[in-house]
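Subject: Structure for you to look at

Hello,

Here is the structure I said I would pass on. Please open it next to this email and follow along.

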Amino acid sequence: MNLHTTPHNSRAPRTTRRLAALAATAAMVVAGVQVGTAVATPDDARSTAAKPATAAALGVNPSAQRATAIKSAQADASSAAKALKLGGQEKLIARDVIKDARGTVHTRYERTYDGLPVLGGDLVTHTTASGKLKSVDKATDAKIAVASTTPKLKAAASARKVIYAGGESPVLAWETVKKGVQKDGTPSRVHTITDATTGKKLHSYEAIETGTGNSQYSGEVELTTTKSDAGFELTDGERGGHKTYDLNQGSSGTGDLVTDDDDTWGDGTGGDRQTAAVDAHYGAAKTWDFYKTALGRDGIAGDGKAAYSRVHYGENYVNAFWDDSCFCMTYGDGEGNKAALTSIDVAAHEMTHGLTSATANLDYAGESGGLNEATSDILGASVEFFADNASDAGDYLIGEKIDINGDGTPLRYMDKPSKDGNSADFWDENLGNLDVHYSSGVANHFFYLLAEGSGKKTINGVEYDSATSDGSTLTGIGREKAYQIWYKALSVYMTSTTDYAGARVATEKAATDLFGADSEELKAVSATWTGVNVK
């Protein structure tokens, strides 16, 4: 399933300037946030220090209010740039605004320099309800400036001129995108950044991020469909209008919207073309519901709009992927076109790539790429537990239902990632050189240990045995608290260049926000990172 930059977390200098317009509008449009507590289930009651936080504590962000808040933030962007003491040629572009239950307004910005996009220049400001700037998290602390924006080297007509801030100092660069097909049939869109003065290759990454009906994996399930003149169609009007299409073994476009005469879909086997569509449609619905119920998020991008799903991609295609350019999930049918990669955790994994793109936008390379993949695994597993489906019970195994290895083993193991033969259990200085699907192991291990603790245990019939790098014994704080902390860190503290050290800082900030500076949850986050050798 396509399922080493250094973060810079700097505190803004003291300033008398207040971002009053931004804070006032954000307070108005996100009014009514209430502080409260959720009821802890036995599985989430390991720590008695506090009950899991509510979605409001994470930051309520209804789609209509979000649009207004972003518009207001953009109107005040010049004041924000001055407060941050950015250069005269720099401008901020507001991407998101979240106000949490403590009244803190978190505003995520991209940056431009002399009208050019600054890659690796994103930042998040954190202001009080009254507009006082508390702190800022930046993808880079480097001063954004170049000697000239006139390139010495020419590039292809399709190249985009940018400022690349992912290295030691910003440089004028060309960004090119090469489209093609990967070895396994997955579409490819490789972005390459080249110094516009010397021609040196600065960075490269792959933009395609891999990862009543009768379903193949979840049994008989309820589907939200729409009545049409011809019968029924797989359009979910309750969840942003999500649609599921049949690509008919094609590899482009949307194919045909899946329809049915009597609103009973599939037969639960890979031999029925509707079955894969049932699993994809159901997985998308459960992921949407999890985002809404558990995280207070209105859709993948927070704008109330659904992505769409495409099934039956290619011939014997053993993969699934998310593509930002179409804002869609795509699923192959597996070997023999009989085992579509559409289980709940795979569907949630792919949709979560879209969530990551809409929030921290973690660069899909190096350690940040591993964190990107891990985020999809973490929330994919969380959705599977949330779905509470008897045919596909929640577990800390990734892709265990799709049998992609052909021997009944899952793709990845969160309690001991190295069991797959490639993933890392603990951090070391070479981690960023691994494929992002394997460097993700450290974050997956962190999440498992934070939620469940170390040692042997059995959960929903699956046996686990998780150890720490230093031999320490950890007691989990519960899955709900663990995913709340991870999501909070992703949505308001991580940036595009966050690495593992930065993830530790971001999750510690998130735990402090949600549970307090003296909380057992914060202590557990710190101890767990140490347990996977992120110190």
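Below is what was found in it, taken one region at a time.

Please keep in mind that this is a predicted model.

Start with a pair of helices. H7 covers residues 366-387 and H9 covers residues 441-452. Their axes come within 8 Å of each other and cross at roughly 35°, and the crossing is right-handed. On the H7 side, the residues in contact are Leu-371, Ala-374, Asp-377, Ile-378 and Ser-382. On the H9 side, they are Ala-443, Asn-444 and Phe-447. Sorted by class, this contact is made of five nonpolar residues, two polar ones and one charged one.

Arg-479 belongs to helix H10, which spans residues 479-492. Is Arg-479 buried or exposed? Arg-479 counts as buried because its relative accessibility is 12%, and the cut-off for buried is under 20%.

Now go to the strands. E8 (residues 187-195) pairs with E9 (residues 201-206) in the antiparallel sense, with five bridges between them.

Regards

Notes. Residues numbered from 1 in each chain as written. Predicted model: local features only at pLDDT ≥ 70, side-chain atom pairs only at ≥ 80, totals over all residues. Heavy atoms only, no water. Axes fitted to C-alpha atoms, helices over the stretch in contact; angles between N-to-C directions. Helix = DSSP H or I, 4+ residues; strand = E, 2+ residues; numbered from the N terminus. Left-handed = near helix turned anticlockwise from the far one by under 90°. Contact = heavy atoms within 4.5 Å. Nonpolar A, V, L, I, M, F, W, Y, C, P; charged D, E, K, R; others polar. Pairing = 2+ DSSP bridges. Buried < 20%, exposed > 50% of the residue type's maximum accessible area, 1.4 Å probe, protein only.
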